[in-house]
Amino acid sequence: MDPDIVSLWITLRLAFVTTLVLIIVGTPLAWWLSQSKGFTRNIVEPLVALPIVLPPTVVGFYLLIVFSPTSLPGQVWQSVTGSTLAFSFPGLVVGSIIYSLPFYVQPLQVAFSNLRRELIEAAATLGAGPMDRFFNLIVPLCRRGFIIAICLSFAHTVGEFGIVLMIGGNLPDETRVLSIALFDHVEALDYDRAHVIASGLLIFSFVLLFTLYSLDRQWQKTPVGERSS
Amino acid sequence: MSLELRVALERDSGFEVNVDITIATDRVTALFGSSGSGKSTLLRLITGLERADNVVVRFNGETWQDENNFVPPHQRCTGYVFQHLNLFPHLTAAGNLEFAEKRRHKNSSLSRQDVVEMLDIANLLQKRPDQLSGGEQQRVAIARALLSNPRLLIMDEPLGSIDTAARTRILPYLQRLHDTLKIPVIYVSHALDEVLEFADTVISIESGKVISEAPIFDFAIDGPGAEQPTSAAIIRCVVESQDHDHALATVSFEGQTMYLAAEHYRPGDMIRIKIPARDVSLTREKPRSSSILNILESTIAEINDPGLGPTAVVKVACGEQRLLARITRKSLIELNLKPGDIVFTQIKGVALITDHER
């Protein structure tokens, strides 16, 4: 198979798995950040945002150290799976989750904080328990936040480079994502192939953002679950 | 049936609520007080939407909260009608009703159709909340609360966020609820007219403390609202006959006869009416020829003369019941009125409140 197709497949798989894990982990985290006050929350909030400002290589460097078989997490992983996290697809997933976390958590946190509390209280007095309220009221009311969070974290994972280079290396069937493949082609002066990947990523990102903004305009005309007072 | 409520709450802001009451919940109980008096806090503690230390809530012997227990709001079966318009914006009116219906605890005697008819919302069901007026939204919200089959219906200033015109339209629906449903209601308001027209018992609250608890008839005369310009007496009477020629009902009030503009009564019906203090005047002699139909012989019970301003409030007794008259201080002096005097009470306006005095 064409190595670029393999890279495309790895990229999509990485973005998909990362986004899925973010939905499971990031949603409760965003809720907790939006609802709680206190010291722990005030520490966690900037921690979540760190990947936005830090160079990806910094995050990658520390992850590399954590993944190494001499550190505890690295040892645990190795004893369970028999392989190392560094330079493996699971390692890439862990890196991507951390790196894309703010892109998932922040839009959702904003959506949760803008929810009118009284709506949730009304649902409670109507007999809806916490899970019921979450899935049948909060999710539909915050659907805009969810879609933005999912799209951004997916797109951001697709476009990631620095972290992958640090912790994933460049293993053709394991960790070579599209952005790395592009880098390889440019280094090899194979501009034709570089053009295919670069324009593909460009078009993908544009279409995604265009769709997102259009949907957003439409929802602003028919505000769903926005704070009305 | 009773609701026991013990609250000793002090906020950092200095706001305090200190209450120890047992509310008989077989009727409509109003919590009356100015804003910031702690009424809403009490409601939130009753429903469990707010949790605080030193709070005991028991409903019909069942503990909802004490030192060791806390029943979460979704297990308390309290219907709550909020002050602010609060329908789920992503659902139609019908969707909002369904949300309540799906989650109700037991089979209710109240069907969706009953509720829709009672609140007259059939033609609103397919609309989204933002397509409804404030009054319409609040009617749907009341229907939604009723459909959850609550054991206790709590209304927090339900007319607070709608304009006066819509308020006058929605009050009859509330009165209809009051007449036909058996669900106990706790109604919070700072508006005297709403309380007078809707409540059976009134608990007055000021600065987080209960200052009085009285049946509506006594609250109207002696409560903190009696001096307000919109004050009125609430009285009970029995229908004697119906005068179809003049579209009037003849009612008996403490052995005297009164006439009401009403057509659909049968002799023996017990009704409750409201007589605004400003529509009542007093004379020493019985007027011979007057357009005013209702003139009652009564005794002055108490005179509240503020000592300044144009008006004074006089409480007059007819048998067991009392009326309020809002007269000028000038007349008070010129007629030389004193407690114990016999006077003729002329009533210009009478408003019917409920068809069924319970």
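**Entry 1: where the chains meet**

I started at the boundary between chain A and chain B, where I found two salt bridges across the interface. I keep in mind that this is a predicted model. One of the bridges I looked up pairs the side chains of Arg103(B) and Asp132(A), N to O, at 2.6 Å. On the side of chain A that touches chain B, α6 (117-125) and α7 (130-141) of chain A each supply at least two residues.

Next I asked myself how many residues of chain A are in contact with chain B. My note says 21 residues of chain A, and they meet 21 residues of chain B. A reminder to myself: the size of an interface is often given as the accessible area lost when the parts come together. Here chain A and chain B bury about 1900 Å² between them, and 63% of that lies on carbon and sulfur atoms. In chain A, the residues that lose the most area to chain B are Glu121(A), Thr125(A) and Leu126(A), which together make up 35% of what that side buries.

I stayed with Glu121(A) and looked for its salt-bridge partner within chain A. Arg117(A) forms a salt bridge with Glu121(A), with the closest N and O atoms 3.8 Å apart. Why are these two separated by about one helical turn? Because they are four residues apart in helix α6 of chain A. Arg117(A) has 57% relative accessibility, so I put it down as exposed. Glu121(A) has 7%, so I put it down as buried.

I widened the search to the whole structure and got 28 salt bridges over all chains. The general idea is that side chains of opposite charge can pair when their charged atoms come close.

I picked out Glu4(B) and Arg58(B), which form a salt bridge with the closest N and O atoms 3.2 Å apart. This pair links distant parts of the chain, 54 residues apart: Glu4(B) sits in strand β1 (residues 2-10) of chain B, and Arg58(B) in strand β4 (residues 55-59) of chain B. Glu4(B) is partly exposed at 23% relative accessibility. Arg58(B) is partly exposed too, with a relative accessible area of 23%.

Then I turned to Asp222(B) and Lys315(B), which form a salt bridge with the closest N and O atoms 3.2 Å apart. Asp222(B) lies in helix α7 (residues 216-222) of chain B and Lys315(B) in strand β17 (residues 311-318) of chain B, so this pair ties together parts that are 93 residues apart in sequence. Are the two buried or partly exposed? Asp222(B) is partly exposed at 41% relative accessibility, whereas Lys315(B) is buried, with a relative accessible area of 5%.

I also traced a network: salt bridges that share partners join Arg117(A), Glu121(A), Arg11(B), Arg44(B) and Glu50(B).

**Entry 2: a strand in chain B**

I moved on to strand β7 (residues 152-156) of chain B, and found it mostly covered, with five of its five residues buried. In a regular strand the side chains alternate between the two faces of the sheet. In β7(B), Leu152(B), Ile154(B) and Asp156(B) point one way, while Leu153(B) and Met155(B) point the other way.

Which strands does β7(B) run parallel to? Four bridges join β7(B) to strand β6 (residues 78-81) of chain B, and the two run parallel. Another four bridges join β7(B) to strand β8 (residues 185-189) of chain B, again parallel. I used Ile154(B) as a landmark: Tyr80(B) stands opposite Ile154(B), and Ile154(B) stands opposite Ile186(B) in β8(B). From β7(B) the chain crosses through helix α5 (residues 164-180) of chain B to β8(B), a right-handed β-α-β crossover.

**Entry 3: two buried polar residues**

Ser96(A) is in helix α5 (residues 89-114) of chain A. Its relative accessibility is 0%, so I count Ser96(A) as buried. The side chain of Ser96(A) makes a polar contact of 3.3 Å with the side chain of Glu160(A). Beyond its sequence neighbours up to four places away, Ser96(A) touches residues including Leu14(A), Thr18(A) and Thr157(A).

My last stop was Glu197(B), in helix α6 (residues 192-198) of chain B. Glu197(B) is buried, with a relative accessible area of 18%; the cut-off for buried is under 20%. A polar contact of 2.7 Å joins the side chains of Glu197(B) and Lys274(B).

Technical notes
Residues numbered from 1 in each chain as written. Chains lettered and ligands numbered in written order. Predicted model: local features only at pLDDT ≥ 70, side-chain atom pairs only at ≥ 80, totals over all residues. Heavy atoms only, no water. Buried < 20%, exposed > 50% of the residue type's maximum accessible area, 1.4 Å probe, protein only. Pairing = 2+ DSSP bridges. Right-handed = clockwise from strand over helix to strand, strands pointing away. Polar contact = N/O pair within 3.5 Å; in protein donor to acceptor, adjacent residues only side chain to side chain. Contact = heavy atoms within 4.5 Å. Buried area = accessible area lost by both parts, 1.4 Å probe. Salt bridge = Lys/Arg side-chain N within 4 Å of Asp/Glu carboxyl O.
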